[in-house]
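User: I am new to this structure and would like a guided reading. Please show me how to read its features one at a time.

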Amino acid sequence: MLDTFVPSSVEIEAGARLLNAIADPANRPNPYPLYQTLREQPVWRDAGGAYVLGRYNDIKSLIHDPRLSSDPANSAQGGSALSFLNMDPPDHDRLRRMTMRHFGPPANASRLQRMTPVLRAMARMLIDRLSDRSEFDVVAEISYPFPGRVIADLLGVPREDETKFCAWAEAIAHASDRDSGYRSKEAERTFQELAGYIMGLINKRRRDAAGDDLLSGLVNDTQDGALRSDEIVRIALLLLLAGHETTVNLISNGVLTLLRRPHAFERLRRQPALAPAFVEELLRYEPPVHIIYRGSLCDIEIGGVRIPGGSSVQLVLASANRDPSRFERPDVFDPDRPHNQHFGFGGGIHSCFGAPLARMEAQIALSELTRRLVSPELVEDPPPYQLNPTLRGPRELRVAIKGVIE
Amino acid sequence: MTAPANVVIVGASLAGLRTAEALRDRGYKGQLTLIGAEPHAPYDRPPLSKQVLAGWVAPMQTTLPRLRSVDAVWRLGAAASRLDRVRRRVEMKNGDSVSYDRVVIATGSRSRAWPVPSEQALAGVHGLRTVEDASRLLADLDAGPSRVLVIGGGFTGSEVASACRDRGLPVTMVELNAAPLMPALGRLVGDWVAARQRDAGVDLRCGVAVTRLFADGSGRVAGAELSDGCKVAADLVVVSIGAVRNCDWLADSNLDAGPAGCVCDAGCRALDRSGAPAFDIFVCGEAARFRHPLSGGRLVSLEHWSAATDQAHVVAANLLQPRSATNDDNLPRFWSSQFGISLRASGLPSCADEAMVVQGSLESGRFICLYGRKARMVGAVSINQPKWIAFYEDQIMSGGRFPFGCRVVDPPRSGALARPVFPTIQPSHP
């Protein structure tokens with residue numbers, strides 16, 4: 001019978017110090033040496049009592065473990081589910097199934113394919129705007145607008161409302177630029193406004209003929225029982241919460257990584273067909289999501305340690321992605337890496353269902369940027385980072401250019 | 001004992017091919033011969049009862065992809081007739097013989113034939129094992145029979161019935177046990193599958209046997225008589241009553257071999273009738289009969305695709321490096337697609353004495369059912385919930401206990417754990 005992990009006071013102190021360092025914004029530009037320390041022990045305990053893990057094999061096991069709940073009510077912190085990302089089966093399964101049905105195969109196999117020309121046109125337009133510039137901010141001018149417009153297109157937001165919608169999306173993203181999930185009053189207001197707007201789109205589709213966008217699909221679906229309007233609003237908000245900030249950071253982190261490695265940048269410029277391999281390695285090397293949160297429903301034994309039921313559990317995916325026991329030369333950015341089963345999109349039943357779209361966006365953005373930017377150079381390295389340790393990316397990424405080609 | 005320079009693999013389907021590839025992967029540079037009774041390059045059988053009957057894939061498009069080149073002599077369309085262990089030769093039906101330093105028995109199995117030859121010979125009576133069987137069955141299905149009779153509600157029979165319903169054909173399926181899939185998965189899951197089959201319009205008769213097939217006077221099957229006195233009119237019959245291991249050619253080899261397979265140890269070494277391992281004879285795939293760690297000492301012969309591929313590596317390791325002492329401790333895995341159900345199974349549910357649903361529910365049609373024998377978890381079945389099965393596979397592999405007492409997401413609503421029945425009727429061998 002395994003004893004509960006009762007750390008000695010020295011270990012608790014070391015745990016608190018290490019985990020505080022990971023949370024410290026000063027370490028945001030390079031948390032990876034801290035993750036290396038994290039992997040020295042299978043489990044750490046933070047000051048709040050959460051159990052924190054960073055090894056690949058342990059995280060791989062736990063991410064598929066039905067004894068871990070995604071419902072914040074089951075963690076020590078408590079809270080309630082905002083969307084099906086924070087729900088457990090069976091409710092989670094039903095909502096995800098209904099959303100997926102309108103997003104991808106088998107029922108909607110060609111949606112993403114149909115979006116490809118639209119995505120290319122968006123990327124083209126955003127880079128065209130840089131043609132007379134000698135310096136620009138990747139984050140504000142490429143990373144933010146691109147995914148925002150993509151989600152707008154996916155939801156069927158009318159063209160004339162796109163700017164308004166993207167402004168809301170950005171405001172919500174900035175509101176999460178904190179070191180916790182706390183939402184300010186302002187963010188709350190933005191949320192309500194956006195929710196109201198989406199409700200309007202839903203009502204329009206209930207009244208008039210629906211289109212072929214995702215919202216229309218959700219409005220008309222009765223296969224698992226109809227979705228209530230508030231459920232559809234929350235799904236739409238989930239796309240923004242889980243699909244906007246993350247893609248923004250994927251693109252920003254990607255540009256930063258390539259600009260630091262002129263050889264890799266040039267390689268992608270010459271061979272845009274390598275974009276998928278580059279993006280996969282980015283998802284491992286500089287993932288947008290560093291940590292995911294769970295609650296234990298009962299005692300779980302992992303790495304020789306017992307995590308009691310009712311505990312908060314944190315899985316540091318970005319640490320698992322750099323685990324030398326799984327990846328050779330883990331701290332090398334190597335797009336030719338074989339067997340690159342990273343945790344960039346999570347895993348298990350909550351694995352990112354927007355992944356195919358996110359991949360496409362990142363591939364298009366990075367191949368277009370490398371192709372068209374003339375002599376790009378980082379103005380500041382490291383750039384300033386957003387505060388959030390969970391959704392990690394630069395707050396601004398200024399790049400000097402000599403021009404933009406066609 | 002000299003290093004092997006001449007390996008003969010008898011059987012050129014999945015097990016034989018993967019063994020050849022595994023040998024070359026491990027650096028075997030000697031001579032390699034594959035002997036296959038069928039005249040085809042190795043092909044994939046699972047699609048024959050699924051995608052092929054659905055029309056997605058032509059029967060001849062099921063050739064197995066090669067993982068690598070094997071640089072072997074292929075003797076296809078040439079069945080083995082005898083194993084001469086003294087002269088160390090495989091004798092073939094066509095009179096040829098091939099000598100060996102090491103021989104691998106990978107001859108798989110054949111469909112058990114209908115016990116009455118004159119009834120088996122009627123037009124419209126089919127088995128389903130080979131690409132030729134699949135082509136013939138497809139032609140008869142395309143002709144639009146008025147009713148199909150499937151004899152045997154195992155995996156093959158159920159999948160055939162599913163394909164028939166997809167074509168809108170009336171189907172009667174007759175199963176000896178109380179539920180389809182019962183010997184493999186027990187009654188709890190079997191009853192649930194029976195309900196889905198009936199929902200799909202299958203005329204399912206359980207607990208009865210077909211006693212006689214009768215003809216229409218022009219040599220075509222016209223129907224069957226059942227053990228309960230009922231008669232079923234059918235102009236297409238698919239006989240799917242199990243598989244017989246192709247070990248007849250080993251009859252006088254003194255190996256412990258018969259219709260249930262050739263007994264081997266956990267390292268795939270063939271055992272003779274005294275129980276002694278033969279240093280130069282290995283068994284792989286369906287032909288292998290052995291005591292799996294989860295079987296509680298019982299001899300099992302796995303018909304799974306995964307068994308052939310897993311055992312191929314064990315054979316290659318032990319054949320080339322006898323001291324490597326590699327054992328097959330892989331977790332058996334198999335799957336079935338029928339009636340829109342995604343069914344995944346791991347471990348040995350058939351060796352269990354109890355089962356319980358731990359996630360989801362029978363009512364919702366999405367669940368995980370675990371199997372235990374003597375308080376140990378030995379198997380898991382996922383119905384439409386494949387993402388959870390990896391976790392239970394880990395539990396089985398690391399000595400997980402049964403019942404599984406932990407609190408999990410989506411627990412079954414009803415507190416009572418069902419204790420299903422496994423059939424006492426085991427398929428008998430001729």
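User: Which residues of helix 8 of chain B are buried?

Analyst: In helix 8 (residues 389-397) of chain B, the buried residues are Phe391(B), Tyr392(B), Gln395(B) and Ile396(B). Buried means 20 or more other C-beta atoms within 10 Å of a residue's own; exposed means 12 or fewer, partly exposed is in between, and C-beta atoms are placed from the backbone. Helices (H or I, at least four residues) and strands (E, at least two) are DSSP runs, numbered from the N terminus. The four lie on the same side of helix 8 of chain B, because they cover an arc of only 140 degrees around the axis. The arc is that of the directions from the helix axis to the C-beta atoms.

User: Before we go on, what kind of model is this?

Analyst: It is a predicted model: local features need pLDDT of at least 70, side-chain atom pairs count only at pLDDT 80 or more, and totals for chains, interfaces and linings use all residues. Residues are numbered from 1 along each chain as its sequence is written, while chains are lettered from A and ligands numbered from 1 in the order in which they are written.

User: What do the buried residues of helix 8 of chain B pack against?

Analyst: They pack against strand 25 (341-347), strand 27 (366-373) and strand 28 (376-383) of chain B. Contact here means C-beta atoms, placed from the backbone, within 7 Å. Just after helix 8 of chain B comes Gly399(B), with a positive phi of about 75 degrees.

User: Which residues touch the most other members of the largest nonpolar core?

Analyst: The general idea first. In soluble globular proteins, nonpolar side chains tend to be buried together. A nonpolar core is a set of buried Ala, Val, Leu, Ile, Met, Phe, Trp, Tyr and Cys residues joined through C-beta atoms within 7 Å. Here the largest such core has 121 residues, and Ile105(B), Cys262(B) and Cys284(B) touch the most other members. Helix 6 (residues 182-199) of chain B gives the most to this core, with 8 residues. Apart from it lies another core, of 73 residues, with Met87(A), Leu258(A), Leu282(A) and Leu397(A) among them.

User: What does Cys262(B) touch, and which residue is its bridge partner in strand 22 of chain B?

Analyst: Not counting residues up to four places away in sequence, the contacts of Cys262(B) include Ile105(B), Cys247(B), Leu250(B), Val283(B) and Ala288(B). Its bridge partner in strand 22 of chain B is Ala288(B). Strand 19 (residues 261-263) and strand 22 (residues 288-291) of chain B pair in the parallel sense over 2 bridges. Two strands pair if DSSP finds at least two bridges between them. Strand 22 of chain B also pairs with strand 23 (residues 299-300) of chain B, in the antiparallel sense, over 2 bridges. There, Phe290(B) has Val300(B) as its bridge partner.

User: What is the strand order in the open sheet of chain A?

Analyst: This open sheet of 5 strands has the order 1-2-8-5-3, with mixed pairing. Its edge strands, strand 1 (44-45) and strand 3 (68-69) of chain A, each pair on one side only. Strand 5 (residues 291-296) and strand 8 (residues 312-316) of chain A run antiparallel, joined by 5 bridges. Ile292(A) stands opposite Leu315(A) in strand 8 of chain A.

User: At what angle do helix 13 and helix 16 of chain A pack?

Analyst: Two packed helices are described by the angle between their axes and the distance between the axes. Helix 13 (residues 262-270) and helix 16 (residues 355-372) of chain A pack at about 100 degrees, with their axes 8 Å apart. That makes helix 13 of chain A roughly perpendicular to helix 16 of chain A. Axes are lines fitted to C-alpha atoms, for helices over the stretch in contact, and angles run from 0 to 180 degrees between N-to-C directions. Under 35 degrees counts as roughly parallel, over 145 as roughly antiparallel, 65 to 115 as roughly perpendicular and the rest as oblique.

Conventions. Two residues are in contact if their C-beta atoms, placed from the backbone, lie within 7 Å.
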